[in-house]
Amino acid sequence: MAEGPSHIGNPLTLMAIFAGLSETVGAAVLPLVQPDVQSRLVWFVMGFPTALMLMFFGTLWIDAKLLYGARDLDTDEARLKLLGVTDAAEGKADPDDHTRRLESFLYDGDYVANAAALQDWMDQNNIAAPIPFFLEAPEHSGARRRAVLALSGNAVEEP
């Protein structure tokens with residue numbers, strides 16, 4: 001017998017499981033509930049999968065990158081390409097100087113304390129992004145420069 005997947009790696013699979021469970025439970029329970037509750041159950045059984053699909057496609061329409069998990073992107077280059085942080089001529093990641101300085105700040109020394117300092121600076125400047133996205137996304141290039149200047153007292157060197 002063929003063995004099924006060990007994990008759910010696709011958002012559509014998860015949605016299909018929820019929609020299928022609601023349909024199955026609705027069909028099995030419908031004859032057993034009171035007649036006055038049946039109409040609400042039928043509306044739920046019809047509405048839940050529809051609402052689930054609308055939310056999924058709304059998310060897909062707004063920002064499709066949110067649907068990719070860490071396992072979907074094998075390499076750092078794939079993640080950078082998804083974020084649009086690549087050098088078109090070479091097809092390789094091209095981090096700016098401020099990104100390199102912030103990465104050396106994070107990884108050369110006490111990572112936990114340095115990451116906390118960077119996260120505190122990001123919170124103070126209303127940057128609601130995880131540190132890896134902050135370091136790689138093109139829209140944060142100006143903020144990375146300001147972070148280097150602000151954290152320069154914490155071992156980030158500015159020439």
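Visitor: What percentage of the 159 residues in the protein chain is buried?

Guide: Buried residues make up 23% of the 159. Buried means under 20% relative accessible area, exposed means over 50%, and partly exposed is in between, with a 1.4 Å probe and protein chains only. This is a predicted model, where local features need pLDDT of at least 70 and side-chain atom pairs count only at pLDDT 80 or more, while totals for chains, interfaces and linings use all residues. Residues are numbered from 1 along each chain as its sequence is written, and side-chain values use heavy atoms, with hydrogens and water left out.

Visitor: How many helices and strands are there?

Guide: The protein chain has 7 helices and 0 strands. Both are DSSP runs numbered from the N terminus: helices are H or I with at least four residues, strands are E with at least two. In order, the elements run α-α-α-α-α-α-α.

Visitor: And the accessible surface, what does it come to?

Guide: About 11,100 Å², of which 60% belongs to carbon and sulfur atoms. Those areas come from the Shrake-Rupley method with a 1.4 Å probe; for residues, only the protein chains shown count as cover.

Visitor: Take helix H2. How far apart are its end C-alpha atoms?

Guide: They are 41 Å apart. At 1.5 Å a residue, the 28 residues of H2 (35-62) should span 40 Å, so the two values agree. The expected span is 1.5 Å times one less than the number of residues.

Visitor: Where does H2 bend?

Guide: At Gly47, by about 25°, and a proline, Pro49, follows within four residues. The bend is the angle between axes fitted to the seven residues ending at a position and the seven starting there.

Visitor: Which residues of H2 are buried?

Guide: Val45, Pro49, Leu52 and Phe56 are buried in H2. What covers the buried residues of H2 includes helix H1 (11-29).

Visitor: Which residues does Ala19 touch?

Guide: Ala19 is in helix H1 and touches Pro49 and Leu52, leaving aside residues up to four places away in sequence. A contact means heavy atoms within 4.5 Å. At 17% relative accessibility, Ala19 counts as buried.

Visitor: What about Val29, where does that lie?

Guide: Val29 also lies in helix H1, and at 31% relative accessibility it counts as partly exposed. Its C-alpha atom is separated by 8.9 Å from that of Leu41, 12 residues apart along the chain.

Visitor: Change of topic. How many residues are in the largest nonpolar core?

Guide: The core has 16 residues, and those with the most contacts inside it are Leu102, Leu118, Trp121, Met122, Ile127, Ile131 and Phe134. Two or more residues each come from helix H4 (97-107), helix H5 (111-124), helix H6 (131-136) and helix H7 (141-150). H5 gives the most, with 4 residues. A nonpolar core is a set of buried Ala, Val, Leu, Ile, Met, Phe, Trp, Tyr and Cys residues joined through side-chain atoms within 4.5 Å.

Visitor: What does Phe134 touch?

Guide: Not counting residues up to four places away in sequence, Phe134 touches Leu102, Leu118, Trp121, Met122, Ile127, His140, Ala143, Arg144 and Ala147.

Visitor: How many aromatic pairs does a search of the whole structure find?

Guide: The search finds 4. Rings of Phe, Tyr and Trp (its six-membered ring) pair if their centres lie within 6.5 Å; planes under 30 degrees apart count as stacked, over 60 as edge-to-face, and the rest as tilted. Tyr107 and Tyr111 are stacked, because their ring centres are 5.4 Å apart and their planes are at 10°. Tyr107 counts as exposed at 53% relative accessibility, and Tyr111 as partly exposed at 39%. Trp121 and Phe134 form a tilted pair, 6.1 Å centre to centre with 50° between the planes.

Visitor: Are Trp121 and Phe134 buried or exposed?

Guide: Both are buried. Trp121 lies in helix H5 and Phe134 in helix H6, so the pair ties together parts that are 13 residues apart in sequence.

Visitor: What is the phi of Asn126?

Guide: Asn126 has a positive phi of about 55°, although it is not a glycine. Most residues other than glycine have a negative phi. Asn126 is in the loop between H5 and H6 and counts as exposed, at 71% relative accessibility.
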